[in-house]
Each structure stands twice: as structure tokens, then as C-alpha cells.
Amino acid sequence: MTLSKDHIGGLVFLALSATYGYYAGHIALLPGDEFEPFHAQSLPNALAILGALLSIVLLLTANRSPSSTLSLTGYDFRLVTQLLVLVVAFALALDWVGFFIATIFFLIGGYWLLGERRIKTLLVASVPFAGGIWFVLTQLLDIYLAPGQLFTHLFGG
């Protein structure tokens with residue numbers, strides 16, 4: 001069997017959907033929620049099933065021609081690795097400097113890795129976006145975002 005890009009994408013998406021479905025089953029329910037028609041596990045389970053079905057459709061309808069086989073030439077794996085390290089650094093920084101600052105540095109780092117070097121552009125593309133996301137999450141959706149341990153140590157919050 002020839003594996004094409006569509007086959008590999010379908011297999012990866014199927015694995016992600018199955019993993020998501022497994023963890024969706026571990027979402028804690030309030031007492032009595034298991035008897036309700038819609039609860040905390042309903043939408044995640046539906047998304048996992050939909051993702052699995054779509055990935056199976058992709059696997060069954062994938063292009064099987066020899067011209068669509070996977071070729072790893074031309075991909076910049078070094079850049080991908082750097083971006084993945086940046087994501088891990090963002091996750092670690094969230095606890096220490098808080099969402100707003102960590103997001104600004106994450107975006108600046110990502111733009112920098114992708115080739116943007118003008119400081120003004122980096123700041124204009126990062127600060128308003130991080131501020132907008134922070135505003136939507138905290139003010140409109142009323143989601144609590146911890147300010148970060150560094151902020152609480154410095155200012156006694």
C-alpha cells in the first residue's frame with residue numbers, strides 16, 4: 001500500500017480524535033448530570049466522533065496515485081522544532097509572567113522566527129492582539145487569568 005499525504009493526515013487526525021475522545025470521557029460531571037441529555041462531556045464526545053468519522057472518510061477517499069506520495073524534501077524541520085520549543089516556553093512562562101506578557105513574547109518570538117525583524121512591526125503585531133485576546137477572555141467571557149507568580153511576588157497580589 002502506498003501512503004500518501006492524505007493517508008498520513010487522516011491517520012494523524014484519527015489518532016488525535018481518538019485521544020481527544022478518550023480524555024473527553026474523563027471530564028468530571030456534576031452529580032446527576034449523567035442522566036441529562038446535554039452535559040460537560042456531550043460536545044467533546046460529539047467533536048471526537050465527528051473528527052474520527054471525517055478522518056476515516058479522508059482515509060477512504062485519499063489519492064492513491066504515485067505522484068501524491070510523501071516526500072520530506074523542502075521542509076524546514078529546524079524552524080518547526082524552534083516553533084515547538086517556543087510553544088513549550090510559552091506554556092512554562094504562563095505560570096510565571098501571566099497570560100498577557102507571555103502571549104506578547106510568544107507572538108514576538110514566533111514572528112521573529114518566521115523572519116520579521118522590525119521591532120515596530122513586532123510590537124504592533126503582538127501587543128494589540130495579546131491585549132485583545134486578554135480583553136475578550138477576561139472582560140467579555142469572564143475567564144480568570146492568573147497574573148503570574150512574578151507579578152504576585154513583586155506587587156504582593
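Trainee: In which helix is serine 55 found?

Mentor: Some conventions come first. This is a predicted model, in which local features need pLDDT of at least 70 and side-chain atom pairs count only at pLDDT 80 or more, while totals for chains, interfaces and linings use all residues. Residues are numbered from 1 along each chain as its sequence is written, and side-chain values use heavy atoms, with hydrogens and water left out. Helices (H or I, at least four residues) and strands (E, at least two) are DSSP runs, numbered from the N terminus. Serine 55 lies in helix α2.

Trainee: Is serine 55 buried or exposed?

Mentor: The terms rest on relative accessible area: buried means under 20%, exposed over 50%, and partly exposed in between (1.4 Å probe, protein chains only). Serine 55 counts as buried because its relative accessibility is 1%.

Trainee: Which residues does serine 55 contact, leaving aside its neighbours within four places in sequence?

Mentor: Contact means heavy atoms within 4.5 Å. With those neighbours left aside, serine 55 is in contact with Gly10, Phe13 and Leu14.

Trainee: How do the axes of α1 and α2 cross?

Mentor: Axes are lines fitted to C-alpha atoms, for helices over the stretch in contact, and angles run from 0 to 180 degrees between N-to-C directions. Here the axes of helix α1 (residues 5-24) and helix α2 (residues 42-61) come within 8 Å and cross at roughly 160°. α1 is therefore roughly antiparallel to α2. By convention, angles under 35 degrees count as roughly parallel, over 145 as roughly antiparallel, 65 to 115 as roughly perpendicular and the rest as oblique.

Trainee: Which handedness has the crossing of α1 and α2, and what residue classes make up the contact?

Mentor: A crossing is left-handed if the near helix is turned anticlockwise from the far one by less than a right angle, and right-handed if clockwise. The crossing of α1 and α2 is left-handed. Among the residues in the contact are Phe13, Leu14 and Ser17 of α1 and Ala48, Gly51 and Ser55 of α2. By class, the contact of α1 with α2 has twelve nonpolar, eight polar and one charged residues. In this scheme Ala, Val, Leu, Ile, Met, Phe, Trp, Tyr, Cys and Pro count as nonpolar, Asp, Glu, Lys and Arg as charged, and the others, Gly among them, as polar.

Trainee: How do α3 and α4 cross?

Mentor: The axes of α3 and helix α4 (residues 119-140) come within 9 Å and cross at roughly 145°, and the crossing is right-handed. The residues that meet include Phe99, Phe100 and Trp112 in α3 and Leu122, Phe129 and Trp134 in α4. By class, this contact of α3 with α4 has 16 nonpolar, three polar and no charged residues.

Trainee: Where is tryptophan 96 found, and which residues does it contact beyond four places in sequence?

Mentor: Tryptophan 96 belongs to helix α3 (residues 77-113) and is partly exposed, with a relative accessible area of 46%. Leaving aside neighbours within four places in sequence, tryptophan 96 is in contact with Gly148, Gln149, Leu150 and Phe151. Tryptophan 96 and phenylalanine 151 are 55 residues apart in sequence and 7.8 Å apart in space, C-alpha to C-alpha. Leucine 150 is found in helix α5 (residues 149-155); on the same exclusion of residues up to four places away, leucine 150 touches Trp96 and Val97.

Trainee: What is the phi of aspartate 142?

Mentor: Most residues other than glycine have a negative phi. Phi of aspartate 142 is near 55°, a positive value in a residue other than glycine. Aspartate 142 is placed in the loop between α4 and α5 and is exposed, with a relative accessible area of 68%.

Trainee: How many salt bridges does the structure hold?

Mentor: A salt bridge is a side-chain nitrogen of Lys or Arg within 4 Å of a carboxyl oxygen of Asp or Glu. The structure holds one salt bridge, in which the side chains of arginine 118 and glutamate 116 meet (2.8 Å, N to O). Arginine 118 counts as exposed, at 53% relative accessibility.
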